[in-house]
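The sequence and structure come first, and the contacts follow.

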Amino acid sequence: NKSSTECTEYVSEILRAGIARIIRLSPEKINSAQKLDSLGIDSLILLELSIAINEEFGVDISTMELFKQPTITSLADEVIRRLMLLSAKISSPVTM
């Protein structure tokens, strides 16, 4: 079982690669602790990122919610939080 730090690092790397692809920059030039707005990310890029996150992780994060995440690391934490919520919903029995 991975630690929360390892999970954050893993998801951060996937997000970093995705952001780099979207903004056409080498992933090595992006630091996970770097402020997203310092990368010139605008609302159209956030829309692309929202779609990419949904495709990669199966979670929905709106562009407005993405604006609230200042760094890739904080975004990774939010993705993990939503995955855990989704997992809890799937694994909890339905009662009628």
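## Ile-23 and its surroundings

Ile-23 is found in helix H1; helices (H or I, at least four residues) and strands (E, at least two) are DSSP runs, numbered from the N terminus. Leaving aside neighbours within four places in sequence, Ile-23 is in contact with Ile-30, Leu-39, Ile-41 and Ile-45, where contact means heavy atoms within 4.5 Å. Ile-23 and Ala-52 lie 29 residues apart in sequence, and their C-alpha atoms are 13 Å apart in space.

## Model and confidence

The model is predicted: local features need pLDDT of at least 70, side-chain atom pairs count only at pLDDT 80 or more, and totals for chains, interfaces and linings use all residues. Residues are numbered from 1 along each chain as its sequence is written, and side-chain values use heavy atoms, with hydrogens and water left out.

The protein averages a pLDDT of 90, and 93% of the residues score at least 70; pLDDT is the predictor's confidence in each residue, from 0 to 100. Confidence is highest in helix H2 (residues 43-57), at a mean of 95, and lowest in helix H4 (residues 72-91), at 90.

## Overall layout

The secondary structure comes to 4 helices and 0 strands, in the pattern α-α-α-α along the sequence. The C-alpha trace spans about 50 × 30 × 20 Å along its principal axes.

## H1 against H2

H1 and H2 pack at an angle of about 135 degrees, with their axes 10 Å apart. That makes H1 oblique to H2. Axes are lines fitted to C-alpha atoms, for helices over the stretch in contact, and angles run from 0 to 180 degrees between N-to-C directions. Angles under 35 degrees count as roughly parallel, over 145 as roughly antiparallel, 65 to 115 as roughly perpendicular and the rest as oblique.

H1 passes H2 in a right-handed crossing (left-handed if the near helix is turned anticlockwise from the far one by less than a right angle, right-handed if clockwise). On the H1 side the contact includes Ile-22 and Ile-23, and on the H2 side it includes Ile-45 and Ala-52. By class, this contact of H1 with H2 has 11 nonpolar, no polar and 3 charged residues. Ala, Val, Leu, Ile, Met, Phe, Trp, Tyr, Cys and Pro count as nonpolar, Asp, Glu, Lys and Arg as charged, and the others, Gly among them, as polar.

## H1 against H4

Helix H1 (residues 4-23) and H4 pack at about 115 degrees, with axes 8 Å apart. That makes H1 roughly perpendicular to H4. The crossing of H1 past H4 is right-handed. Among the H1 residues that meet H4 are Cys-7, Val-11 and Arg-16; among their H4 counterparts are Ile-72, Ala-76 and Asp-77. The residues of this contact divide into 9 nonpolar, 3 polar and 2 charged.

Arg-16 also forms a salt bridge with Glu-13, the closest N and O atoms being 2.6 Å apart. A salt bridge is a side-chain nitrogen of Lys or Arg within 4 Å of a carboxyl oxygen of Asp or Glu. Both residues, Arg-16 and Glu-13, lie in H1, 3 residues apart, about one turn of the helix. The structure holds 4 salt bridges.

## H2 against H4

H2 and H4 pack at about 45 degrees, with axes 12 Å apart. That makes H2 oblique to H4. Leu-49, Ile-53 and Phe-57 of H2 make the contact with Leu-75, Val-79 and Leu-83 of H4. By class, the contact of H2 with H4 has 6 nonpolar, no polar and no charged residues.
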